[in-house]
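Reader: I am new to this structure, and I would like to learn how to read a few of its features with care.

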Amino acid sequence: MFDTKIAIVLKEDLPVWQKLNVTAFLTSGIVAQFPEIIGEPYRDRAGNLYNSMSVQPVIVLSADAVTLGTIHRRALERDVTTSAYVEEMFATGHDVANRAVFAEFAPEDAKIVGIALRADKKLVDKITKGARMHG
């Protein structure tokens, strides 16, 4: 149905609340990059209006820290823009602080705990190789 795939890869040993938090943040980055994936608003039978959501499914995977680093590197090598979340962002309280702590790291020393991307299906599969379905 779709030529592209949206994948989120989370560090497997994060507490559940962090996995959920990171997933929400990473998803917002994909939506910001590709606003065309948002469909029409929802309405219930009573006529109440609800927010629009993605028309495209999102796959959630998990990986260890080494595999996440490899996925990050592969995305950069293939010029695929990602949403990325580093461990140090858990200690910040707002967007400006998140950006500041993120900027302190380069790809080789960033402790990536989550990464999201949308690209051609085969390319996403190559980049995320080694990650497994989150479960």
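Reader: Is Asn-98 buried or exposed?

Author: Burial is judged by relative accessible area, where under 20% is buried, over 50% is exposed and anything in between is partly exposed (1.4 Å probe, protein chains only). Asn-98 has a relative accessibility of 11%, so this residue counts as buried. This is a predicted model, in which local features need pLDDT of at least 70 and side-chain atom pairs count only at pLDDT 80 or more, while totals for chains, interfaces and linings use all residues. Residues are numbered from 1 along each chain as its sequence is written, and side-chain values use heavy atoms, with hydrogens and water left out.

Reader: Where does Asn-98 lie, and which residues does Asn-98 touch?

Author: Helices (H or I, at least four residues) and strands (E, at least two) are DSSP runs numbered from the N terminus, and Asn-98 belongs to helix α3, residues 95-102. A contact means heavy atoms within 4.5 Å; leaving aside residues up to four places away in sequence, Asn-98 touches Met-89 and Thr-92.

Reader: Is Asp-79 buried or exposed, and where does Asp-79 lie?

Author: By the cut-offs above, Asp-79 is exposed, with a relative accessible area of 70%. Asp-79 sits in the loop between α2 (65-77) and β5 (83-86), and although Asp-79 is not a glycine, its phi is positive, at about 55°.
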